[in-house]
Amino acid sequence: MLRSLVRRHPLPPSTQLRCVFFSTGTSVSSSGATASPDPHFLVEYLVNTCGFSADNASKVAKSLPRFQSTEKLDAALGFFRSQGLDGANLRKIISWRPGLLYGDVENRLAPKFKILRDMGLSESHIVNAVMRHPIILSLDVQNGLLPKLKVWESLFGSREILLRKLRGCSWFMSASIEKVVRPNLKFLRDECGIPEDRVSLVLKSLPGFIAQNPDALRALVDRTVGLGVPRGSGMFLWILFALHGVSREKFEAQLKLMNNFGWSNSDFITAIKKHPRILLLSIESLQRKMEFLVNDVGISPSDIAHCPVPLVLSLEKRLIPRFRIMEILKSEGLWTSTNKPHGVFSLSGPKFLQKFVQPYQSILPKLLEVL
């Protein structure tokens with residue numbers, strides 16, 4: 001059955017011959033003992049069938065046993081290709097776990113692809129999922145893969161979200177449920193007062209948050225508490241979430257930047273308590289937004305510290321276009337709003353259009369072009 005898959009990608013003639021003349025010249029004894037295979041055979045096989053460089057093929061070959069036939073190798077490669085894994089993706093998978101080349105295709109590999117397919121993933125999405133979570137190919141179906149999928153589906157709240165994260169986020173499937181995920185959930189619930197349903201809100205954006213080493217999570221909690229954020233605070237989880245992706249070095253660099261704009265350390269902490277997403281901004285993005293808001297819009301740094309909403313909005317798609325519309329209306333003597341720039345920037349798209357664009361569209365059609 002699986003042999004038919006192999007014939008879609010036949011071996012080069014030279015390699016087929018090597019499958020017949022597999023030894024270095026020593027014959028098979030009458031007792032049935034086999035000769036030592038040519039040590040260069042696997043390297044040549046991987047180069048010819050998978051497109052490995054000789055150096056990389058040599059590294060992979062060192063992890064493989066010596067074969068007396070290419071039957072298992074051919075079956076594994078044929079199966080992977082039948083599932084859409086080929087070229088660079090196939091080489092990555094083989095390099096990550098060479099042993100997959102001599103695994104049981106029908107009983108170990110095929111069922112995993114069937115599970116993903118039955119869950120609703122297309123062939124291309126299965127390839128994405130496997131490339132992002134190669135551990136899937138090594139997990140036992142009943143004792144590893146299915147229990148993990150069940151736990152993550154529960155944490156995400158739906159199968160649809162699970163499937164989206166499988167193909168869009170990396171490595172969370174590698175975390176041990178019993179040694180990592182459950183202890184982290186218990187720690188957040190029992191010692192931080194954060195129930196699982198609230199943690200799930202974060203996981204929909206960043207599954208790796210709960211898949212991190214438990215010691216790293218405890219250190220993250222200590223960092224957050226050190227900022228003066230109590231564990232019972234409603235923002236505690238969101239600051240944890242933000243700090244998860246921010247090194248101490250980046251945090252210090254952001255603090256130094258904001259000090260240069262006149263913020264005190266206390267101003268910075270107050271701002272991130274209100275909008276933790278500030279921590280996720282790059283230094284360059286944070287600097288450009290501050291320069292625009294202070295130098296062009298004319299907002300004082302202390303006002304930004306008090307109301308930091310504009311810092312988490314898009315500079316090119318939100319702040320600059322809306323400021324230009326404000327300037328156009330002022331130049332035409334049509335600006336009658338008493339709203340501060342913070343409020344203008346924070347309005348939803350429809351409300352902004354209703355209040356500052358549509359009333360003047362007939363006399364200033366260029367307003368829509370600005371947005």
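## Helix α16 and its buried face

Helix α16 spans residues 265–274, and its buried residues are Phe 268, Ile 269, Ala 271 and Ile 272. Buried means under 20% relative accessible area; exposed means over 50%, and partly exposed lies in between (1.4 Å probe, protein chains only). Helices (H or I, at least four residues) and strands (E, at least two) are DSSP runs, numbered from the N terminus. Seen down the axis of α16, the buried residues fall within an arc of 160 degrees, so they line one face of the helix. That arc is taken from the directions from the helix axis to the C-beta atoms.

What does this face pack against? The buried residues of α16 pack against α14 (236–244), α15 (248–260) and α18 (301–306).

## The model and its confidence

This is a predicted model: local features need pLDDT of at least 70, side-chain atom pairs count only at pLDDT 80 or more, and totals for chains, interfaces and linings use all residues. Residues are numbered from 1 along each chain as its sequence is written, and side-chain values use heavy atoms, with hydrogens and water left out.

The pLDDT is the predictor's confidence in each residue, from 0 to 100. The protein chain averages 88, and 89% of the residues score at least 70. Over residues 1–37 the pLDDT is below 50. Beyond near neighbours in sequence, this stretch has 57 contacts in the model. A contact means heavy atoms within 4.5 Å. Where pLDDT is low, the predicted coordinates should not be read in detail.

## The chain as a whole

The protein chain has 22 helices and zero strands. Of its 371 residues, 44% are buried. Take the contacts between residues at least 6 apart in sequence: 68% of them join residues at least 24 apart.

## Nonpolar cores

A nonpolar core is a set of buried Ala, Val, Leu, Ile, Met, Phe, Trp, Tyr and Cys residues joined through side-chain atoms within 4.5 Å. The largest one has 110 residues. Phe 80, Trp 152 and Leu 188 have the most contacts inside it. Leaving aside neighbours within four places in sequence, Leu 188 is in contact with several residues, including Val 199, Phe 209 and Leu 240.

## Aromatic pairs

Rings of Phe, Tyr and Trp (its six-membered ring) pair if their centres lie within 6.5 Å; planes under 30 degrees apart count as stacked, over 60 as edge-to-face and the rest as tilted. The structure holds 11 aromatic pairs. The rings of Phe 251 and Phe 268 have centres 5.4 Å apart and planes at 70 degrees, so this pair is edge-to-face. The pair links distant parts of the chain: Phe 251 sits in α15 and Phe 268 in α16, 17 residues apart. Both Phe 251 and Phe 268 are buried.

The rings of Phe 352 and Phe 356 also have centres 5.4 Å apart, but their planes stand at 45 degrees, so this pair is tilted. Phe 352 and Phe 356 are four residues apart in helix α21 (residues 349–356), so about one helical turn separates them. Both are buried. Elsewhere, Phe 79, Phe 80 and Phe 113 form one aromatic cluster.

## Two single residues

Arg 81 is found in helix α5 (residues 71–82). Is Arg 81 buried or exposed? Arg 81 counts as buried, because its relative accessibility is 12%. A polar contact of 3.1 Å joins its side chain to that of Asp 86. A polar contact is a pair of N or O atoms within 3.5 Å; within protein, one must be able to donate a hydrogen and the other to accept it, and residues adjacent in sequence count only if both atoms are side-chain atoms.

Trp 171 lies in the loop between α10 (159–168) and α11 (177–192). Trp 171 has a positive phi of about 75 degrees although it is not a glycine. With a relative accessible area of 47%, Trp 171 is partly exposed.
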